[in-house]
Amino acid sequence: MKRILISGAVCALFTILICGPVYARTLDQILSSKTLRVGTTGDNKPFSYRNNGVFEGFDIVVAKIFAEKLGVKLELVPTTWQKLMNDLNSGKFDIGMSGISRTISRQKEACFSKGYVTLGKTPLVASIKASNYQSMADIDRPGVKIGVSPGGTNEKFVKEHIKHAEIVEFDSSLDIPQAVADGKVDVMITDSIEAVYYASANKDLAAPMLHLLFTRSQHGYMMQADSYRLQDTVDFMMDQMILEGEMAKLKAKYLRLN
């Protein structure tokens, strides 16, 4: 019996040494490390995107403000939509900030801040073809090509609801709007704020169904499931930004929301 117990203890120790127990860093640990690690995909305008290799966008600015309020250095950790949850739960970063939709499937594995913007899925199309897309039936039909990138709620929505149109995969969602404008694909299903952003930045693009969104959801900041005090602190900082008018200014500048 002793030999079995010793072997079990050795195995447990070996597992900890090799894999490490994966717990969320507490707020105190973040403060003592003097670094806040934020995971971001860099492919979701206007929330997180790369400009000549530098991360920019609404959530990047908010992350910098969080770090400043906490008195720590910000470390941006690149991730992807496919690896987002695994990277979070393996401890690669403390908070996910990349225009992340609050969904029940994600909530089962993580925890979220309060929502900071409300939006929904809608089509982004070429301006010259905008009148052709006024309903889901107009989109989901043979001959229509829909661009998606792997991972995230855009791909999930398309694969759940599109039965007849052709689905074309792209490595990065940043490439899809231009492909729509160039006629390489016909539609990009994306969040309404992203659709408004691209349509206002490029006259060749349009978002013809903003009056009839396919879904309703909110974006929030994602943390590990046991990050209770960190989550409370993030909500507290967001409330401060709202009270001081800082959040409204950032939304007007980056999200085109007044």
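Which residue's side chain does Lys121 join in a polar contact of 2.8 Å? In this predicted model, the partner is Thr153. A second polar contact, this one of 2.5 Å, runs from the side chain of Lys121 to that of Asn154. Lys121 sits in strand S9, which covers residues 121-126, and its relative accessible area of 5% makes Lys121 a buried residue. Leaving aside residues up to four places away in sequence, the neighbours that Lys121 touches are Thr153, Asn154, Phe157, Ile189, Thr190, Asp191, Leu213, Phe214 and Thr215. Several of these names come back below.

The strand that holds Lys121 belongs to a sheet. Five strands make up this open sheet, in the order S11-S10-S12-S9-S13 and with mixed pairing. The edges are taken by strand S11 (166-169) and strand S13 (205-206), each of which pairs on one side only. Between S9 and S12 the pairing is antiparallel and spans five bridges. Helix H9 (residues 192-201) packs on it and touches S9, S12 and S13, with a direction at about 120° to that of S12. Helix H7 (residues 152-161) lies across S9, S10 (145-148), S11 and S12, and the angle between H7 and S12 is about 125°.

By the ring criterion, the structure has seven aromatic pairs. One of them is Phe58 with Tyr116, a stacked pair with 5.6 Å from centre to centre and 20° between the planes. Phe58 belongs to helix H3 (residues 58-70) and Tyr116 to the loop between strand S7 (110-112) and strand S8 (117-119), so this pair ties together parts that lie 58 residues apart in sequence. Phe157 is buried at 6% relative accessibility, whereas Phe214 is partly exposed at 23%. Elsewhere, ring pairs link Phe47, Phe58, Phe66, Tyr116 and Tyr221 into a cluster.

Charged side chains come next. Side chains of opposite charge can pair when their charged atoms come close. How many salt bridges does a search of the whole structure find? The count is ten. Among them is the bridge between Arg37 and Asp94, whose closest N and O atoms are 3.1 Å apart. This pair links distant parts of the chain, with Arg37 in strand S1 (residues 35-40) and Asp94 in the loop between helix H4 (84-89) and strand S6 (95-101), 57 residues apart. Arg37 counts as buried at 17% relative accessibility. The 17% falls under the 20% limit, so the label holds for Arg37. Asp94 is buried too, with a relative accessible area of 4%.

A bridge between Asp186 and Lys129 shows an N to O distance of 3.4 Å. It also links distant parts of the chain: Asp186 lies in the loop between helix H8 (176-181) and strand S12 (187-191), Lys129 in the loop between S9 and helix H6 (136-139), and the two are 57 residues apart. Asp186 is buried at 13% relative accessibility, while Lys129 is partly exposed at 30%. Salt bridges with shared partners join Arg25, Arg37 and Asp94 into one network. Another salt bridge joins the side chains of Lys92 and Asp87, at 3.4 Å from N to O. Lys92 is partly exposed at 48% relative accessibility, and Asp87 is buried at 8%.

Methods: Residues are numbered from 1 along each chain as its sequence is written. This is a predicted model: local features need pLDDT of at least 70, side-chain atom pairs count only at pLDDT 80 or more; totals for chains, interfaces and linings use all residues. Side-chain values use heavy atoms; hydrogens and water are left out. Helices (H or I, at least four residues) and strands (E, at least two) are DSSP runs, numbered from the N terminus. Buried means under 20% relative accessible area, exposed over 50%, partly exposed in between (1.4 Å probe, protein chains only). A polar contact is a pair of N or O atoms within 3.5 Å; within protein, one must be able to donate a hydrogen and the other to accept it, and residues adjacent in sequence count only if both atoms are side-chain atoms. Contact means heavy atoms within 4.5 Å. A salt bridge is a side-chain nitrogen of Lys or Arg within 4 Å of a carboxyl oxygen of Asp or Glu. Two strands pair if DSSP finds at least two bridges between them. Axes are lines fitted to C-alpha atoms, for helices over the stretch in contact, and angles run from 0 to 180 degrees between N-to-C directions. Rings of Phe, Tyr and Trp (its six-membered ring) pair if their centres lie within 6.5 Å; planes under 30 degrees apart count as stacked, over 60 as edge-to-face and the rest as tilted.
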